[in-house]
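Student: Hi! Could you walk me through this structure? I'd like to start with the aromatic rings.

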Amino acid sequence: MASQIRLTQLSLSWKVLITGFIIIVSAGYLNGALNAALSTGITPSMVAEHYGGQVLSASETKELKEKGFVENEVNLDGDDEGNQKHHDETAGQTTSVKPISLQQMAQLAHIHLLGFSFILISVGALACFTALAEWIKALVVGILGFAFLFDIGGLYMVRFVSANLAWLPVITGVTIGVCLAFISLRVLYEMWLT
């Protein structure tokens with residue numbers, strides 16, 4: 001008779017890993033739902049109007065070929081000119097930069113969080129299989145999961161709270177890289193050198 005895995009009997013590192021995976025997958029789905037609501041709508045009539053029987057314009061056809069999707073953006077800045085001035089230090093010119101919309105942020109977050117969740121579950125599983133102390137495995141997997149969440153959360157905060165928070169996605173990006181390198185090197189060490 002095969003032994004059965006019980007979630008209650010998992011070690012701390014596995015519980016942290018699976019919890020982080022569920023949170024990040026859920027956040028990715030919620031951002032996907034927000035993206036759909038902002039770009040298409042949430043009622044059957046809105047979906048039918050957006051997708052049903054429409055012929056794509058030349059610009060939409062071009063965008064579809066380039067990006068693989070066509071979305072209508074919702075402008076939360078209240079005007080079509082919601083552009084910010086950006087000074088190019090190298091050219092000495094001031095150009096106009098349109099801030100990213102909530103719909104674009106939701107789309108970016110949706111795509112990245114779903115990818116991050118699969119990186120977390122796969123690399124985290126490798127970490128959980130190592131011979132490291134349980135508390136080290138749980139700590140590294142937990143830090144990696146939080147870094148993925150705060151990476152995207154930081155982008156939301158930079159756009160909608162303050163550009164002064166731009167240090168947050170930079171720090172989380174470095175943290176993700178350090179965690180991935182640590183886990184990868186440890187796994188390779190244990191497989192080939194011990």
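Student: Is Phe129 buried or exposed?
Tutor: Phe129 is exposed, with a relative accessible area of 63%. The cut-offs are under 20% for buried, over 50% for exposed and partly exposed in between, with a 1.4 Å probe and protein chains only. Keep in mind that this is a predicted model, where local features need pLDDT of at least 70, side-chain atom pairs count only at pLDDT 80 or more, and totals for chains, interfaces and linings use all residues. Residues are numbered from 1 along each chain as its sequence is written, and side-chain values use heavy atoms, with hydrogens and water left out.

Student: How many aromatic pairs are there?
Tutor: A search of the whole structure turns up 5 aromatic pairs. Rings of Phe, Tyr and Trp (its six-membered ring) pair if their centres lie within 6.5 Å; planes under 30 degrees apart are stacked, over 60 edge-to-face, and the rest tilted.

Student: And which pair is Phe129 in?
Tutor: Phe129 forms an edge-to-face pair with Trp14, at 5.3 Å centre to centre and 70° between the planes. This pair links distant parts of the chain, since Trp14 sits in helix α1 and Phe129 in helix α4, 115 residues apart. Trp14 is partly exposed, at 21% relative accessible area.

Student: Why is the pair Phe146 and Phe150 called stacked?
Tutor: The ring planes of Phe146 and Phe150 are at 25°, with the centres 6.2 Å apart, so the pair counts as stacked. Both residues are in helix α5, and being 4 residues apart there, Phe146 and Phe150 are separated by about one helical turn. Phe146 is exposed at 53%, while Phe150 is partly exposed at 42%.

Student: New topic: what's the overall layout of helices and strands?
Tutor: The chain has 6 helices and 2 strands, following the pattern α-α-α-β-β-α-α-α along the sequence. Helices (H or I, at least four residues) and strands (E, at least two) are DSSP runs, numbered from the N terminus.

Student: How much of the chain is buried?
Tutor: Of its 194 residues, 28% count as buried.

Student: Which residues have the most contacts inside the largest nonpolar core?
Tutor: Those are Leu113, Leu144, Phe148 and Ile183, in a core of 24 residues. The elements giving two or more residues to this core are α1 (12–39), α4, α5 (134–160) and α6 (167–192). Helix α4 gives the most, with 10 residues. A nonpolar core here is a set of buried Ala, Val, Leu, Ile, Met, Phe, Trp, Tyr and Cys residues joined through side-chain atoms within 4.5 Å.

Student: What does Leu113 touch?
Tutor: Leaving aside neighbours within four places in sequence, Leu113 is in contact (heavy atoms within 4.5 Å) with residues including Ile24, Ala27, Phe148 and Ile152.

Student: Where is Ile119, by the way?
Tutor: Ile119 is in helix α4, which covers residues 102–129. Ile119 is partly exposed, at 34% relative accessible area.

Student: Last one: how many disulfides did the search find?
Tutor: The search of the whole structure finds 0 disulfides, a disulfide being a pair of cysteine sulfur atoms within 2.5 Å. As for cysteines, Cys128 is buried at 6% relative accessible area, and Cys179 is buried at 8%.
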